[in-house]
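Please look over the sequence and the model before reading on.

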Amino acid sequence: MNKQEFMRKLECLLWDLPESERVEALKYYEEYFSDAGEENEQKVLEELGAPERVADTIKEGLRANTDGGDKAAGMSPETAGANAGMGPGMAGTNAAMDPGTAGANAAMGSGMAGANTGMGPGMAGANAAMNPGMTGANAGMAPGTAGKETGMSAGRIVLMVLLSPFALAAACLLFGMVAALAGIGVGFAVTGAACILAALVVIGAGIGQLFVMPFAGSVLIGTGFLIIATAILLIMLSVFLFGFAVPRTCRGSVWLCRKPFEKKGGQR
Amino acid sequence: MVFNTGAALLDAIVLAVVSKESEGTYGYKITQDVRQVIELSESTLYPVLRRLQKDECMVVYDRECAGRNRRYYKITDKGHDLLDLYVGEWRQYSGKISGILEGGSQT
């Protein structure tokens with residue numbers, strides 16, 4: 001990975017932040033790379049770790065800011081929620097990485113060389129320990145599917161966790177679409193039925209008029225038949241919607257939901 | 001380093017580092033300076049800077065440097081107050097810990 005890739009990924013991962021926060025964070029890291037210099041790019045990338053992790057840290061910081069903002073402003077010594085990276089109080093996805101960080105600490109404890117040499121293995125330990133940490137967290141979330149998950153890579157799980165808000169939104173959207181289609185179908189059917197009733201009344205009136213005012217009577221009868229034609233069209237549309245579009249959409253969404261899992265099975 | 005640095009202590013260190021420069025200082029340099037004294041992952045500092053900025057303990061401004069803009073962080077009066085509070089707290093805390101660990105004259 002190079003700087004561009006890192007920044008692009010980070011930008012994608014911060015999609016759910018307000019525009020101002022995203023711009024601010026991206027600017028910071030863009031500058032950070034520039035100040036470190038091109039020759040240090042790889043080193044910075046290694047130390048920053050995965051963009052996912054950096055994004056989590058940024059988001060965690062923002063959450064802490066809103067949750068504990070008052071306390072922090074009140075200069076309480078136990079400034080709430082703020083994280084020091086290695087702090088044990090980190091929630092959510094970060095919590096899953098804590099075992100990794102703990103590993104880093106342990107490695108440093110036993111190594112205990114100069115600050116810099118201690119750092120190298122420490123960071124490596126953190127990275128290596130990240131995968132089991134993530135898998136563990138996920139298994140904890142859905143114990144029933146633990147067996148399946150051993151086949152998933154940590155990256156994929158991270159991706160799925162990150163995409164889960166999208167998936168939820170997509171599911172809501174699909175549900176809304178199916179409901180809307182069904183609603184339109186019902187609407188067509190009811191309108192069709194009402195049209196037929198109205199047409200029968202109009203034709204009846206037309207036949208009555210035929211003997212008094214033949215011209216107006218035939219116009220009424222003709223209108224009645226036109227309305228019946230419209231009604232039949234509407235009912236056909238409704239039948240199409242229920243018999244074709246709604247089932248298709250349902251099947252389509254089921255296929256969409258299943259797709260990520262099938263792909264994984266195929267790769268194994 | 002076997003000891004963890006808590007959030008408040010990290011805030012204090014960052015404020016102290018930033019307060020050293022009357023003209024303000026920038027993200028990369030703050031990170032390097034803080035890393036002189038504690039273990040710190042490079043990604044940890046941004047949220048801290050952002051939070052201190054939001055709490056009005058620091059202000060940011062852009063300054064042209066080598067053909068591009070660089071964001072500088074500068075401590076505010078409120079930041080100085082908070083730093084003073086932290087320094088006082090730290091003196092008490094570290095004194096007590098030193099006392100018990102090194103067996104000084106503290107009771």
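Glu21(A) is buried, at a relative accessible area of 8%. Buried means under 20% relative accessible area, exposed over 50%, and partly exposed in between (1.4 Å probe, protein chains only). This is a predicted model, where local features need pLDDT of at least 70, side-chain atom pairs count only at pLDDT 80 or more, and totals for chains, interfaces and linings use all residues. Residues are numbered from 1 along each chain as its sequence is written, chains are lettered from A and ligands numbered from 1 in the order in which they are written, and side-chain values use heavy atoms, leaving out hydrogens and water.

A salt bridge is a side-chain nitrogen of Lys or Arg within 4 Å of a carboxyl oxygen of Asp or Glu. Three of them are listed here.

| Salt bridge | Closest N and O atoms |
|---|---|
| Glu21(A) with Lys54(B) | 2.6 Å |
| Lys27(A) with Asp62(B) | 4.0 Å |
| Asp62(B) with Arg71(B) | 3.1 Å |

Shared partners link Glu21(A), Glu24(A), Lys27(A), Glu31(A), Arg50(B), Lys54(B), Asp62(B) and Arg71(B) into one network. Lys54(B) is partly exposed, at 35% relative accessible area. Asp62(B) is partly exposed too, at 36%. Arg71(B) counts as buried, at 15%.

Now to helix H3 of chain B, residues 45-54. Helices are DSSP runs (H or I, at least four residues), numbered from the N terminus. In H3(B), 9 of the 10 residues are buried, so the helix is largely enclosed by the rest of the structure. Among the buried residues are Tyr46(B), Pro47(B) and Arg50(B). Just after H3(B), Glu56(B) takes a positive phi of about 65°.

How values were computed
Helix = DSSP H or I, 4+ residues; strand = E, 2+ residues; numbered from the N terminus.
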